[in-house]
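Please open the structure in your viewer and keep the selection tool at hand. The tour below goes from one selection to the next and says what is to be found at each.

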Amino acid sequence: MTKQIHLAAHFPGVNNTTVWSDPASGSQIDFDSFRHLATTAERGKFDFFFLAEGLRLREAKGRIHDLDVVGRPESLTVLSALAAVTTHLGLAATVNSTFNEPYEVARRLATLDHLSGGRAAWNVVTSFDAFTGENFRRGGFLAEADRYTRAREFLETARELWDSWAPDAVAADPDQGLFLRPGGVSPFRHRDRHFDISGLFNVPRGPQGHPVIIQAGDSDEGREFAASSADVIFSRHSKLEDGRAFYRDVKRRLAAYGRRPEDLKILPAVTYVLGDTEAEAAERAAEIRRAQVSPQTAIYFLEAVWGRDLSGYDPDGPLPDVEPNLDEGVSKGHAAFRGDRGELVAKWRALAEEKNLSIRELAIEVSTPQTFIGTPRAVADEIDHFVQTDAADGFIFVPHLTPGGLDDLVDKVVPLLQEKGVFRADYTGPTLRDHLGLAPRTPNRIEENS
Amino acid sequence: MTLHLAVALDGAGWHPAAWRAEGAQPDRLFTPGYWAGLVAEAERGLLDFVTFEDAPGLQSSLLNEQDGRLDQVRGQLDAVLLASRVAPLTSRIGLVPTAGTTHTEPFHVAIGIASLDHVSRGRAGWRPQISGRPDHVAHFGRRPPFPPQDYWGDRDPVFREHLRDLFAEAADAVEVVRRLWDSWEDDAEIRDVATGRFIDRDKLHYIDFHGEWFSVKGPSITPRSPQGQPLVASLAHAALPYEFAARASDVVFVTPRDREDATAIVESVRAAEVAVGRTEPSLRIFADLVVFLDARDAAGRKARLDDLDGAELGSDAHIFTGTPEELAGLLLDWREAGLEGFRLRPGVLPHDLSAITRGLVPALQDAGVFRTAYDTADLRGRLGLARPASRYAKAS
């Protein structure tokens, strides 16, 4: 059978991919926006709906960054409500492993799995910065080097908690007078570098056994963590060659953990623009990028590289003549710019000179273009080509508009993929593990692998 | 004035043998349909709100350790997520989950309850709860061992001191949560295309809380919710928790034994308000009662459950057995002690909940003391509480 594509949807996030200035842009917080996007994804038979998280508002130059969407709800709370208005769609929450404790996270995810009939997923993320820590009891307690050891141990601990209830632990048998089966709930005891906990867990095993585990880190350590423990990788490698290299690298790591290539699905985050013709799609894509890079965002974008205040410069004028301050960063609370900023400035100056670009034009020119741009047919073909040539197992679509940003994808592209026989015409099972073709987690799986 | 009526939902009901009763649904306790059905029934009865119990550990009949019992309900879903799961299926009833103050992060609680308020369009509340159990401490491994709890709360000096700390920490937790709820002014989102700004950052505020147990910078990551300040309701049995409630809560649940005791407790709560310098609005005082309701022989039904469990039901709250009409009479009598409402704990679900909505409520409506339709959509408004402006908003 032809390799089947997996599709997921990301709620438009707090970065400049999301266009808030469009008249069609709706509320980023009203439940109806979440409902619209989730039910659209379910209409398109998507595998899951994904919510990101950030536990402190981003800052630029010591003040709250105000140019992008700001503010979002707590992921699990909204997903639990979405479980009431959907029936099959997987529900993926991003939950931080640094500023949480395993007992609480394990029970919240097990709860979502029960309340959704087996549709819960957990995107395990880490932070280490004191900046985020200022909102929590422990502050910035974790060294950067330890963030993955904590994440790994956190996840292992959560799995022990989920496994501490046998699948048939709840007897609910009034005749015998047994609510719990003898031996159905085992005490847990976990002691390692980061955790020293024991006792009894208080949520029965969820329908999926364990929720689906998603991992997004891209470093060598992040890839190894995913190969050992994740069911899905949320990757950034959305270019064909790049995607194939990443795919090969990660899939090859699985054998060391006794896992098969199909046990870990690789889903790059992607964007898309459709048009009735290629030219129309390209034109719309350019319009959207212009809306994503407002004059103020263009200045901010350069400030992140220059490491200094550039607010005095005209976004429609030439690049700043001032030299970058390589010792300073201006932004906090999101993935920092890494790499040689001096080199980048030189490259950009050359590019701006060559093409006669203003600050804003340059910012648009060098920002990431949409992944898929074209007619529905062309986009469907490209998606299929990516997957069939092992650059991905599918995609996490990041729409640029709330709440209508998935509508045309679901209405125009999904039917073409279904026609090709590479994407489900309907759900074949009730759980997210069913959609992803993953085996249910049996309680002794960890012991087998260690 | 209308009487306020809430129902406390927990497992199969408040009797430990409730899951074995006729009509109980013990195999559905961890399914969404079970809870959706209960809350829909409560909404059909026009109740003010429902509460959801929760704790950071397995239920136990013993005060300080696990009891190993297999014959009672064990296991509990996260209450905030449970409340959120039923929110889109209801439209008027208030949803008040329990979330702890001892082992949790106030920041997470603040965004969870604010999100519940968004999802439910202004029907969220929060019941803050301390966790004094020594066996729960080991679930987190983050605090030194707790001393054993003393049933009376005030006889053992070591525990008394510890309890004082737990309540002081809880008061700080509520303060942090309330500040975070106010940390976005209502009109912070401006979407000003001319200046490229999504928000007016002068309307977002650091809360800069520094306390003995934690410091929290803020602002919240979640925009201000429909009610601004979701309802805070706490359970209290003694002077210390009365003072906590007077500082932190909008509603307090108390547990009088009888009418006379109700009078004394109301006096104590009002005295606590004075002691902590509380200003308006005053606490809404609800009395908790465990109820077994039947047209006849509710006491017999309860006694049979006692037999099954092997002990007579004990409770912090008064246990009522009788007809819905008799309960209506008792509520009207106790109300004269200065109570604004009652939180009823059904002995068996769904039986005693249905008896409340289909028996007690009509009796109270006939007496002209209970609403015949919902008037306000939001929970605060139902309790006569205005929507407060953010404490950080500059007076214009």
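This is a predicted model: local features need pLDDT of at least 70, side-chain atom pairs count only at pLDDT 80 or more; totals for chains, interfaces and linings use all residues.

Residues are numbered from 1 along each chain as its sequence is written, and chains are lettered from A and ligands numbered from 1 in the order in which they are written.

**The barrel of chain A**

Begin by selecting strands E1, E2, E5, E6, E11, E12, E13 and E17 of chain A, which close in that order into a barrel of 8 strands with parallel pairing. Helices (H or I, at least four residues) and strands (E, at least two) are DSSP runs, numbered from the N terminus, and two strands pair if DSSP finds at least two bridges between them. From one strand to the next the twist averages 30°.

**Where the chains touch**

Next, show both chains: the contact takes 61 residues from chain A and 61 residues from chain B, where contact means that C-beta atoms, placed from the backbone, lie within 7 Å. On the side of chain A that touches chain B, H3(A) gives the most, with 8 residues.

**Helices H1 and H2 of chain A**

Select H1(A), residues 31-43, together with H2(A); they pack at an angle of about 60°, with their axes 10 Å apart. Axes are lines fitted to C-alpha atoms, for helices over the stretch in contact, and angles run from 0 to 180 degrees between N-to-C directions. The two helices, H1(A) and H2(A), are therefore oblique to each other, given that angles under 35 degrees count as roughly parallel, over 145 as roughly antiparallel, 65 to 115 as roughly perpendicular and the rest as oblique. Phe31(A), Phe34(A), Arg35(A) and Ala38(A) in H1(A) here meet Val78(A), Ala81(A) and Leu82(A) in H2(A).

**Across to chain B**

Which residues of H3(B) does H2(A) meet? Thr77(A), Val78(A) and Ala81(A) in H2(A) meet Gly112(B), Ser115(B), Leu116(B) and Val119(B).

Technical notes
Two residues are in contact if their C-beta atoms, placed from the backbone, lie within 7 Å.
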